Amino acid sequence: MEKPLHQPANFPLTVIRPRRVRIRWRRVFRSPTALIGAAILLFWVVMALVGPAIVPYGINDSEAGAVWKPPSDKHILGTDGLGRDLFSRLVIGAGQMVTLPPLAVGLAVLLGTSVGLLAGYRGGWFDEIVMRLMDVLMAFPVVMLYLIIIVAIGASAVNVVVAVAVATTPAISRLVRGLVLDLRNREFVAAARMRGESTAYILFQEILPNAAGPILVDGLVRIGYATFSIGALGFLGLGLPPPNPDWGRMASEARQAIILTPTAALFPSLAIASIVVGCNLLADGLRELARSEE
Amino acid sequence: MLRFILRRLGTMLLTMLVLSILIFVISEVVPTDPALKILGRESTPQARAALSEKMGFNRPLPERYWNWITHFVRGDFGESYRLGAPIQPLVARRLTNSLFLAASALLIIIPVSLLLGVVAGLNEGRWPDRVISIGSLLSISLPDFVMGVLLITIFSWWLKVLPADSSLRGDNIDLALHGRKLILPAATAALVLIGYIARVTRVSMIEVMASPYIRTAVLKGLPRRTVIVRHALRNALIAPIAIITTQINWLIGGLIVIEQLFNYPGLGSLFARAALENDLPMIEASAMTAIVLIVLSQLIADLLYSALNPRVRLS
């Protein structure tokens with residue numbers, strides 16, 4: 001049973017929905033911030049795609065005697081502790097860094113949106129219990145949560161994605177619930193309810209499309225965070241097992257030689273940072289565009 | 001007030017209960033055979049059976065959970081499988097070190113971020129604001145270990161003024177002896193948060209300065225300095241202080257990567273090592289300790305915050 005709606009008698013049954021806040025990708029070119037962010041991300045995607053064809057060395061080719069070398073003509077970014085070419089490893093490592101974070105966030109958005117939609121729309125005890133649980137989960141320090149999960153299920157690409165997705169879900173569900181609470185009392189939702197639409201129709205055709213903009217922009221920022229989390233897992237030795245060239249692991253292995261050759265730790269760290277910066281810039285730019293369109 | 005505290009204590013206990021169950025379930029139920037997890041695949045079935053017997057892995061789950069949590073509450077954290085030593089003294093020592101680090105970071109964060117935010121907010125759109133805003137964006141975007149690697153490169157490799165290694169002999173911190181070793185890890189943690197808090201302060205300052213009561217004060221002919229210091233700051237700093245209290249969680253349980261990067265013997269690096277070595281009792285004890293501390297400090301922070309902001313009703 002739907003609650004009776006207290007609306008004036010001449011309330012029109014067809015209400016024009018507010019214009020959806022849609023990201024118009026062509027307008028991205030008008031925001032320099034978004035453009036720079038997109039360019040950085042595109043750079044790494046291209047690197048990941050063409051990387052295997054352009055790298056001068058294999059990821060496990062080691063050169064005897066060339067240990068922890070700073071950048072030179074032969075190795076443009078220098079070498080690591082086993083005499084392996086840093087540039088080649090960095091480029092090949094880009095593959096997992098442009099695929100795993102979006103997968104993890106995609107999964108988290110799916111889970112978080114489902115929880116947030118249901119909790120926000122149904123309200124009542126369901127909302128109360130689920131959201132309290134999400135609050136409790138958010139009290140758990142994220143890195144600790146990753147580590148506990150990875151210890152339990154083991155380190156592999158799929159498991160890293162699962163761990164990051166699980167830890168990211170509470171925050172997303174909180175955001176979506178907030179958006180739903182704001183949207184569910186709008187006229188177009190009331191109109192749909194009066195037309196006798198099903199709950200599923202209202203959730204997916206009326207509410208979700210109008211919440212999609214903020215969820216996407218938030219997701220973009222979270223892809224940056226996920227990149228950094230996966231880097232941190234690698235750094236702590238619980239990322240993808242070797243011989244995968246994992247940026248975080250590369251940085252942590254180079255830690256012991258940091259006083260000798262800081263570049264070996266610096267380049268993989270900066271590579272991770274550039275993806276985080278790229279995501280943040282693109283998200284900032286998109287937010288500005290959405291605001292200027294209103 | 002009393003009712004507020006009692007209710008908060010209730011939620012606090014509930015939070016700790018739920019999280020303790022979560023820790024227990026993830027570390028002992030998800031891997032179907034904890035003994036296999038600890039000993040590895042090369043171990044003999046006899047060794048695994050013996051360990052299961054010793055650690056009680058073959059008991060029913062509720063009994064195992066009850067045993068673990070009641071011992072934990074009494075301060076008996078069990079024995080580390082890897083080190084063969086009681087966990088509790090180790091955790092206590094590492095925790096002290098971590099708290100020193102968190103406190104040093106806070107000592108940098110609070111004045112610097114509030115000052116930067118206020119200066120940016122008062123100069124909205126002008127060059128100080130632009131410089132601070134770009135700096136904040138960098139600080140927000142750089143992951144903690146990237147920030148740490150940058151600081152080590154600058155201060156240890158290039159300028160050679162600060163040590164890159166913060167390990168302490170005997171794991172006991174002594175400020176007179178180890179003060180210099182605390183600087184880089186604390187600065188790293190601080191830099192990660194400063195940008196975010198400065199941003200919040202800036203927005204809050206801009207909002208307050210645009211409010212009618214400030215215009216009244218200005219039109220009344222009060223000097224700008226008085227308006228800012230006596231009237232604006234009180235309100236503008238409430239939001240950023242609330243944000244700082246939400247970051248305690250990270251300062252206590254999240255400095256794992258920074259501690260690991262600097263070889264600092266804190267609770268975080270203890271936890272990271274336990275995770276690498278599958279030392280389940282140690283993982284559970286250190287995670288639970290961090291959570292108890294986080295929940296308690298959150299309560300204290302909330303009380304302080306409500307004392308500071310009379311508009312928050314304690315109900």
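Modeller: Start with exposure: buried means under 20% relative accessible area, exposed means over 50%, and partly exposed lies in between (1.4 Å probe, protein chains only). This is a predicted model, where local features need pLDDT of at least 70 and side-chain atom pairs count only at pLDDT 80 or more, while totals for chains, interfaces and linings use all residues. Residues are numbered from 1 along each chain as its sequence is written, chains are lettered from A and ligands numbered from 1 in the order in which they are written, and side-chain values use heavy atoms, without hydrogens and water.

Now the rings. Over all chains, there are 10 aromatic pairs. Rings of Phe, Tyr and Trp (its six-membered ring) pair if their centres lie within 6.5 Å; planes under 30 degrees apart are stacked, over 60 edge-to-face, the rest tilted. A:Trp125 and A:Phe126 pair edge-to-face, at 6.1 Å centre to centre and 85 degrees between the planes. A:Trp125 is exposed at 60%. A:Phe126 is partly exposed at 23%.

B:Phe24 and B:Tyr65 are also edge-to-face, at 5.4 Å and 70 degrees. This pair links distant parts of the chain, 41 residues apart: B:Phe24 sits in helix 1 (residues 2-29) of chain B, and B:Tyr65 in helix 4 (residues 61-73) of chain B. Helices here are DSSP runs (H or I, at least four residues), numbered from the N terminus. B:Phe24 is buried at 4%. B:Tyr65 is buried at 15%.

Next, the contact between chains. Chain A gives 41 residues and chain B gives 48, with contact meaning heavy atoms within 4.5 Å. The buried area is about 3,700 Å², and carbon and sulfur atoms give 80% of that. Buried area is the accessible area (1.4 Å probe) that two parts lose on being put together, summed over both. A:Met144, A:Val151 and A:Arg255 supply 16% of what chain A buries against chain B, more than any other three residues.

One salt bridge joins chain A and chain B: B:Arg199 to A:Asp284, 3.6 Å from N to O. The rule asks for a side-chain nitrogen of Lys or Arg within 4 Å of a carboxyl oxygen of Asp or Glu.

On chain A, helix 3 (124-138), helix 4 (142-153), helix 7 (199-235) and helix 9 (262-293) each supply at least two residues of the side touching chain B. Helix 9 of chain A gives the most, with 12 residues.
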